[in-house]
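Please look over the model below.

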Amino acid sequence: MNEDKNSIEFEDETEQSLNAAEEAAVETPTEKAADTAPEAEKDSAQEAVDPLEAFRREIMMIPGDWYVIHTYSGHERKVKANLEQRIASQNMEEKIFRVEVPDEYINEFKGSVKKRVRHVRIPGYVVVCMDFDDDSYRVVKDTPAVTGFVGDQHNPVPLSTDEVVDLLKFNILEEAGPQAAPAAAVKEEIRVAFETGEVVSIVEGPFEGMEATISQILPEAQKLKVLVTIFERETELELAFEQVTKREE
């Protein structure tokens, strides 16, 4: 009888152990998924950050106000470099915090070649974040190629946060790169070297070697509508930029 009793107890313990193992096997993936879910949500939230909104929060946290200074046209980047050098040499880092040139990035087409080019968005202007007082005013005003502050020279009105973000949005999006949130995407201007009425040479396709006159430019589609003479009749064709080239003079 004792042997039978011991056998029954052993079987009960074995069954309990197996049940516990099965429960652990079932619960472990669920618990693991629950643990990793917040991390996945966190990663997703980070990926969806709007760089413009992040910049807005950043400039609201840093000290100083943003002002616009007027410079000689074409000297904007030189002014930025010279002013940053003056800030360092005169130990003004605690009063003048940032110097930025508002940029824009434009797709330019020269013939069939596409090139992405950085341009000064507002020629003759630079923005500075600073605590405005007599010392910081002189450092900025005495920088070569700076003609003064926009507005009242000795009491200029600072920019609002929205104005700063709007002025520097292209700089911020370029720095953020292709991972920038779709909502923050800014349409780029496309500049084309072709002109309506211009005569070009077709360099690709069934009409290669023929001359054509541009009747319409479609920059977004990167195409041209051109007129060619076929069997003494003028026919309109639609060609990609790379299918034509400017005539050699």
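Where is the place of Asn 91? Asn 91 sits in the loop between helix H3 (76–89) and strand S2 (96–100). The model is predicted: local features need pLDDT of at least 70, side-chain atom pairs count only at pLDDT 80 or more, and totals for chains, interfaces and linings use all residues. Residues are numbered from 1 along each chain as its sequence is written, and side-chain values use heavy atoms, with hydrogens and water left out.

**Overall make-up**

- The protein has five helices and 12 strands. These are DSSP runs, numbered from the N terminus: helices are H or I with at least four residues, strands are E with at least two.
- Of its 249 residues, 30% count as buried. Buried means under 20% relative accessible area, exposed over 50%, and partly exposed in between (1.4 Å probe, protein chains only).
- The accessible surface comes to about 16100 Å². Carbon and sulfur atoms hold 49% of that surface. Areas come from the Shrake-Rupley method with a 1.4 Å probe; for residues, only the protein chains shown count as cover.
- Take the contacts (heavy atoms within 4.5 Å) between residues at least 6 apart in sequence: 62% join residues at least 24 apart.

**Helices H2 and H5**

- The axes of H2 (residues 51–61) and H5 (residues 161–176) come within 9 Å and cross at roughly 125°. Axes are lines fitted to C-alpha atoms, for helices over the stretch in contact, and angles run from 0 to 180 degrees between N-to-C directions.
- That makes H2 oblique to H5. Angles under 35 degrees count as roughly parallel, over 145 as roughly antiparallel, 65 to 115 as roughly perpendicular and the rest as oblique.
- H2 contributes Pro 51, Leu 52, Phe 55, Arg 56, Ile 59 and Met 60 to the contact. Residues of H5 in the contact include Val 164, Leu 168 and Ile 172.

**Positive phi values**

- Most residues other than glycine have a negative phi.
- Asn 91 is not a glycine, yet has a positive phi of about 55°. Asn 91 is exposed, at 63% relative accessible area.
- Ala 145, also not a glycine, has a positive phi of about 75°. Ala 145 lies in the loop between helix H4 (134–141) and strand S6 (146–149). Ala 145 counts as buried, at 17% relative accessibility.

**Tyr 67**

- Tyr 67 lies in strand S1 (residues 65–71). Tyr 67 counts as buried, at 6% relative accessibility.
- Not counting residues up to four places away in sequence, Tyr 67 touches Val 127, Phe 132, Phe 149 and Pro 156, among others.
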